[in-house]
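User: Can you walk me through this structure? I have it open on my screen.
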Amino acid sequence: MTREKTEPASPGALLAGEPRAVLARITTGDPLSLRALVADRAEEHHLLVDGDAVHLRTLAHCARHALDCPDPLRPASWLAEQVDLVLDRWCAEEGRRGAEEGPGAPAEPASGVWVELAGPLGIEPDRARRACGRFNLLPDGERAAFFALVLDRRDAQEHARGAGRSLVQLAREARRALAALLARRGKGAADPP
Amino acid sequence: MNRRQREEGGAGTGLGRRTASARAGGRRRRDGGAQPPDLEPLDVLLPELTAAARARAGRLVNLLRLLRADTAASSSPRAAVPLDRARGELDRQEIERRARALEDLLRHHLSAHLGTESFAWHGEPEHSVQSAWRALVGGFAPEGVQTVDLPEPGESALSVARRLVSALESLGPRPGAGLWRARLEHASRGPRAGAAAFEGLLGRSAASRVPTLGVDLALLAGWCECLLDRGGVGEAFGLLGDRPEWIASDPRLGWLWTWTLLARGELAAADAARAGLDPWRGPLPTALVALRLAFPEASAVLPGRTPPDERAPLGHAPISRDRRALGASVLALFRFEGHRGARAVWLDVAPGLRADLEEWLVDRRDAHQDPGQPAHSLVIEAAPKVAHGAPGRPPAGALGERALALSLVPVLDRSGEVAGWLHVECEHHLLPCPRRLERTAQVWREELAAPETISGEGVFEQPAAALAAPGGAGLASAPEPERSLLGGVFRRLVDSVGFKTSRRRWWGIDLGSGEARAVCEGGEGLSSLPETVGGARAVERCRATGGVVRFDDADERLRLHPEAVSGLALPLAVRGRVHGVLVIESTRRRDFTDRDVERLAAGAEGFALALRLGQFRAWHVARFGSDLHVDPSLSGVRGFVEHLIAAGRSREPVVLSGDRGVGKRVLARWVHYERDGGAGPLRSVRCREPAAGEPGLGSRPADGSWLLEGLDELSPARQEELSAHIAGGGGSGAALVATSRLPLGVAAEAGRLRVGLADELARLEVLVPPLRRRREELPGLVRFLARRFAADERLGAPEFEESAIALLWRQEWEGNLRELEGLVFQLVLAAGGGILDAERVSAIARRWGHTLRSRVPSRHPSREDLVAALRSTRTRGGRTNKCRAAAFLGWDPDTLCARMAEAHLDEGELEEEPTAWDAPLS
């Protein structure tokens, strides 16, 4: 008994046809490695995002705009552009939600990664999501400083030397990023979510 | 990655060297103890955190590490996305794309429909109309989504917009779902309906909460735009002024606030408000573009794009004859009659401005001859004129002191000459678009062909057919001149008591003729009376009892309006007789508290005499062709008039005694009027020498009144005859009214009158003081006579400076009113509508043989003159002004003070001083 090998579809074939058909092809098994691309781009831009949700959006977005791909046989740079576009829109939307925090803000039912991660830590999921929304709209330098000094716990002096920045500058940027994460609308940094 | 792995800080692959230090654990302290690893950066970067806050912050940082790791876990099985979920996302994005295209198309179509006049701004479209349609028509349509067809040939922008809104709503619930529906309401039904729609969506609690949604801000902006579109600058000011936090949150609201302040004439405040705002790059409505031209110094607060084509189609706001729809305080249409001047054929004036309306209409008549008036250049150029003022400095030609802008738009006849003009006056700077006003003026062209006009100065011409008759279809309307005279009284009454009218309507009902007739109405709560009215029993009961009639629930028998559910009928009664009723009805149950009723009833009572006076004036105009000037607000006049009315209602003979020319004949007519409303004849007999054909004393008329003029000159034989008549038939036949130059007692003492007859007639003798003892009346009397004579002679009425009034005030007027009338007539002829000062008055008087004295003798002045001077020159607040009083007397202030001291005259007790009218009825 022999087993026929199914060759993976080429990128050109993946992106051909109407959106629903494209979607079916690029969703199953993630042949375009969009999930990894999302992770890489988010990390490169120092963004705190729900990777699964961004991946989902990217799949649909690429399916809808597949016909716009200039070179379906070599779609890597186009895909990277699309992921960046999706990330930009994601950050803009999440940033608006983050700015609307307050007594009258609409409360969306928390779901997905926010519930899974925030709940066990005793953090309100929706509040955490809004905090990340605000964070992602900060200047790139502040986000990068936060990633380096707080999340990665790098040595500040070493990182400053490597980045060609002064220690004070770096510390201020990281501090501002922390303050943005911790601050609620109208309240100070001493009152994290 | 499983949950445990995530909790341990990410043991998945793909993290690389960047997470190595994170997994390495914390650094050791110098003392060898382990630092909680997650807190160390926080300690350094945020040392001010309390312990509790630091702990919370630490948990957050842990969360973010986990989130980051979760994002990076690309090869996890969890990363596989179910296909149906992906399809759901695909549909969601397609719907979102369609929504954006629909919104862009709505921006294009609503803007086209509303035109360049409107303040409405829905954001910059991302796409052109063509590309938005392509985005909508192309692509796949998710299930259940309504498709939208391209516009049909000739289909209006509004019709397309309606379809677009329906399509947008079919996409399902979205944030701001109602926002576009409200915008459509604004476009299709006008700014008033639009404002209501925005207000409804925003909710009543909006003012109390901080805006957290972009949609809330857009709703508030839409509401404000609707208010500005209809000239509701004051309302926009109130709406935004209560919400400073909202303004600070949104640039659009910031600019709307800035422009509202500018429209109110507050340039400095507008400039301060726009500080910190990014320059406005959207379009400017035409009203603001016009302001940019009128006020170059305000250009910093008026950035933005000018509409590309000035001749772009006007928006589709309906043409209105309601000043409120234009945001105007005055809307008038004048007919221009060349040398005869301009006369109003349509008037819609804010209630607070009606007090000065009569005088203003007189001024408008000849305004075209004054180079300082916009009407002058309008007639010369046959072109619209716009004038802007400043707070406290209204533009020339405006009625209201608070007017900030005025627009005159000519209506041309077939030959291109000015046949009249539209006068629009606003208490803000946002005048309606000139092209819209031109269209409005054209619509009203027909009214200019009507022969009738309105004249408000006291001489009444044919009634103005253009004014809507009060009372609607359900109540008889009073004709002119009652309608103007009595309407003014009711309006002053309503203004003085001041009540909210948004859910109420009021009617001024005149009962002078016997039947109830509406003379004016107002309020927004109910419509004009339809053909089928309520039972209106409240009016009848009020008339019968002289008391307030009230209903707190819908009462078919009592109400006037069929939709009223509560109401009041307030009597205006003099000496127990109800002459008019103020009816106020409401759409709310129990809308009037006891306190309201008390206050309104007191207010109505205070105007009863003014109403009765108005009825007499109207009767006098109709009967004798001339109006009268009586001011019951002057000291003593009110009491005198009430006594006269009481005398008139008795059946006893009334004798009016006083010098020649004091007005006895007019007062005799009033006595006659008080007897049965003046319905019967007033037969006049001259006692000295009855003219041929005049009835003698032989037969007393059977009805009406019998006026004997000059009783003190009646011959002895005729006095016998008169005594016999009085003795024999005093209770029947015509009532007797007589005038006499001498008081009866004096005439009897002098032997001019039989003592018995004098005693018999003295029961109701009314002493009418000479004009020199009634100086307080002079300023008003002079101006009234000037207007009347000017109207009679088709001349401009002169304007009297204070020095001229003072000069006339201090004369002796031995010929009383007749002498005054003569001189004023000469002044009107000579002045030709100009300004008269004391010098000019003296010169004109000299030409006609009069020598006017320059001062009241100051040696031994009468106390009465001192009191009169102080009363005549009181401020509006009732305070005396001794400088002005001295000027009226022709003295310096020190002389006045000295004479007051000598007379022990305390200006604080002026009210207690007697007046010339206080001579008692004998």
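**Helix packing and buried faces**

Analyst: Let's start with a helix pair in chain B. H28(B) and H30(B) are oblique to each other. Keep in mind that this is a predicted model.

User: What angle do the axes of H28(B) and H30(B) cross at?

Analyst: Roughly 55 degrees. Helix H28 covers residues 778-792 of chain B, and helix H30 covers residues 816-831. Their axes come within 9 Å.

User: Is the crossing left-handed or right-handed?

Analyst: H28(B) passes H30(B) in a right-handed crossing.

User: Which residues meet there?

Analyst: From H28(B), they are Leu781(B), Val782(B), Leu785(B), Ala786(B), Phe789(B) and Ala790(B). H30(B) brings Leu820(B), Glu821(B), Val824(B), Phe825(B), Leu827(B) and Val828(B).

User: How do the residues of that contact divide by class?

Analyst: The contact of H28(B) with H30(B) has 11 nonpolar residues, no polar ones and 1 charged.

User: How far is Arg794(B) from Gly341(B)?

Analyst: In sequence, 453 residues. In space, Arg794(B) and Gly341(B) are 8.7 Å apart, C-alpha to C-alpha.

User: Another pair. How do H7 and H8 of chain B pack?

Analyst: At an angle of about 165 degrees, with the axes 10 Å apart. Helix H7 is residues 157-169 of chain B and helix H8 is residues 179-189.

User: Which residues of H7(B) meet H8(B)?

Analyst: Leu158(B), Ala161(B), Arg162(B), Val165(B) and Leu168(B). They meet Trp180(B), Arg181(B), Leu184(B), Ala187(B) and Ser188(B) in H8(B). By class, the contact of H7(B) with H8(B) has 7 nonpolar, 1 polar and 2 charged residues.

User: Now H20. Which of its residues are buried?

Analyst: Helix H20 (residues 537-545) of chain B buries Ala538(B), Val539(B), Cys542(B) and Arg543(B). Down the axis of H20(B), these fall within an arc of 130 degrees, so they line one face of the helix.

User: What covers the buried residues of H20(B)?

Analyst: The cover includes four pieces of chain B: strand E6 (504-510), strand E8 (549-551), strand E9 (566-574) and strand E10 (577-586).

User: And which exposed residues are on the face turned away from the buried side of H20(B)?

Analyst: Ala544(B) and Thr545(B). Gly546(B) follows H20(B), and its phi is positive, near 75 degrees.

User: Over to chain A. How many helices and strands?

Analyst: Chain A has 10 helices and 0 strands. Of its 193 residues, 44% count as buried.

User: What share of the contacts in chain A join residues at least 24 apart?

Analyst: 65%, among contacts between residues at least 6 apart in sequence.

User: Which residues of H2 in chain A are buried?

Analyst: Pro19(A), Val22(A), Leu23(A), Ile26(A) and Thr27(A), in helix H2 (residues 19-27). They cover an arc of only 120 degrees around the axis, which puts them on the same side of H2(A).

User: What follows H2(A)?

Analyst: Gly29(A), with a positive phi near 75 degrees.

Key:
Residues numbered from 1 in each chain as written. Chains lettered and ligands numbered in written order. Predicted model: local features only at pLDDT ≥ 70, side-chain atom pairs only at ≥ 80, totals over all residues. Buried ≥ 20, exposed ≤ 12 C-beta atoms within 10 Å, placed from the backbone. Helix = DSSP H or I, 4+ residues; strand = E, 2+ residues; numbered from the N terminus. Arc of directions from axis to C-beta. Contact = placed C-beta atoms within 7 Å. Axes fitted to C-alpha atoms, helices over the stretch in contact; angles between N-to-C directions. Nonpolar A, V, L, I, M, F, W, Y, C, P; charged D, E, K, R; others polar. Parallel < 35°, antiparallel > 145°, perpendicular 65-115°, else oblique. Left-handed = near helix turned anticlockwise from the far one by under 90°.
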